[in-house]
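Please keep the sequence and the model in view while reading.

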Amino acid sequence: MNQLLKKYPEEVNRILSRYPVDRKQSAVMPLLHLAQGEAGFVSRAAMQEIAEIAGVSTTEVASVVGFYTLFHDAPEGKIRLQVCTDVACDLRGATEYLTGLCAQLGVKPGETSEDSLITIEEVKCLAACDKAPLFQAQIGDEVEYHENQTPARTVDWLRSMSAAINGTPLKTVTPEEAKPEEGGSHE
Ligand code: FES
């Protein structure tokens with residue numbers, strides 16, 4: 001039994017009703033949004049169910065998930081913080097910004113903080129190339145864009161988010177704590 005259809009029959013039928021019967025594949029994106037709302041990411045099983053409903057292959061659904069930065073195929077932090085380091089942003093210091101931010105948070109791009117609050121990801125063009133360094137943050141269904149950032153500004157924002165979401169102070173590392181890892185010598 002298709003679990004997505006079983007759990008959300010009205011929503012699925014409402015989504016399908018927006019498109020001609022021979023254009024069911026257009027429903028893939030709203031169906032992905034529906035599935036992601038359930039678990040915070042789209043599992044392989046959910047992709048198969050969406051493929052079944054929309055009459056496309058699971059690979060086609062997976063390629064949509066892979067293309068769009070707002071869809072995810074694995075559970076991650078409560079805040080998915082995505083930094084564009086594409087050429088235009090890089091010329092405005094995006095890579096340096098990302099490196100500085102990661103150093104303060106003690107995580108690398110692609111990693112999630114120990115308290116599961118933040119996942120940092122490196123992405124390509126977020127359509128605000130002249131406002132770099134910038135990040136897009138996805139918190140559940142909400143998406144925020146923060147432009148003209150410095151690591152310090154972003155850490156300030158994350159402190160307030162940590163208090164609001166986790167009710168705890170943000171975990172950061174000092175430059176002194178970060179140095180042993182950078183040098184690769186722990187002992
Ligand atoms: S290149 Fe970074 S937002 Fe466009």
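The coordinates belong to a predicted model, and the values below are computed from it.

## Overall layout

The C-alpha atoms of the chain fill a box of roughly 60 × 35 × 30 Å along the principal axes. The domain assignment divides the chain into domain 1, covering 7-67, and domain 2, covering 79-179, and the C-alpha centres of these two domains lie 30 Å apart. Of the 187 residues, 28% count as buried.

Nine helices and four strands make up the secondary structure of the chain, and along the sequence they follow the pattern α-α-α-α-α-β-α-α-β-β-β-α-α. Among contacts between residues at least 6 apart in sequence, 59% join residues that are at least 24 apart.

## Helix packing around α4

Helix α4, residues 44-54, and helix α3, residues 28-39, have axes that come within 10 Å and cross at roughly 145 degrees, in a crossing that is right-handed. On the α3 side the contact is made by V28, L31, L32 and A35, which meet A46, I50, I53 and A54 of α4. Sorted by class, the residues of this contact comprise eight nonpolar, no polar and no charged.

Helix α4 also packs against helix α5, residues 58-67, where the axes come within 8 Å and cross at roughly 115 degrees; this crossing, too, is right-handed. Here M47, Q48, I50 and A51 of α4 meet T58, E60, V61, A62 and V65 of α5, a set that divides into six nonpolar, two polar and one charged residues.

## The four-stranded sheet

In what order do the four strands of the open sheet lie? They are arranged as β2-β1-β3-β4, with mixed pairing. The edge strands, each of which pairs on one side only, are β2 (118-123) and β4 (142-146). Neighbouring strands of this sheet are turned against each other by 20 degrees on average, direction ignored.

Strand β3, residues 135-139, pairs with β4 in the antiparallel sense over five bridges. Within this pairing, Q136 has Y145 as its bridge partner in β4, and A137 stands opposite E144. The two strands form a hairpin with two residues between them, and G140 in its turn has a positive phi of about 60 degrees.

## P133 and its cis peptide bond

Most residues other than glycine have a negative phi, and most peptide bonds are trans. Against that background, the bond joining A132 and P133 is cis, with omega about -5 degrees. P133 lies in the loop between β2 and β3.

Is P133 buried or exposed? P133 counts as buried because 26 C-beta neighbours lie inside 10 Å, and the cut-off for buried is 20 or more. Leaving aside residues up to four places away in sequence, P133 touches V83, C89, R92, G93, A94, Y97 and Q149.

S116, found in the loop between α7 (94-105) and β2, has a positive phi of about 60 degrees although it is not a glycine. S116 counts as partly exposed because it has 13 C-beta neighbours inside 10 Å.

N148 is found in the loop between β4 and α8 (151-165). Its phi is near 50 degrees, which is a positive value in a residue other than glycine.

Note on methods. Residues are numbered from 1 along each chain as its sequence is written. This is a predicted model: local features need pLDDT of at least 70, side-chain atom pairs count only at pLDDT 80 or more; totals for chains, interfaces and linings use all residues. Domain bounds come from an automatic or database domain assignment. Two strands pair if DSSP finds at least two bridges between them. Axes are lines fitted to C-alpha atoms, for helices over the stretch in contact, and angles run from 0 to 180 degrees between N-to-C directions. A residue is buried if 20 or more other C-beta atoms lie within 10 Å of its own, exposed if 12 or fewer, and partly exposed in between; C-beta atoms are placed from the backbone. Two residues are in contact if their C-beta atoms, placed from the backbone, lie within 7 Å. A crossing is left-handed if the near helix is turned anticlockwise from the far one by less than a right angle, and right-handed if clockwise. Ala, Val, Leu, Ile, Met, Phe, Trp, Tyr, Cys and Pro count as nonpolar, Asp, Glu, Lys and Arg as charged, and the others, Gly among them, as polar.
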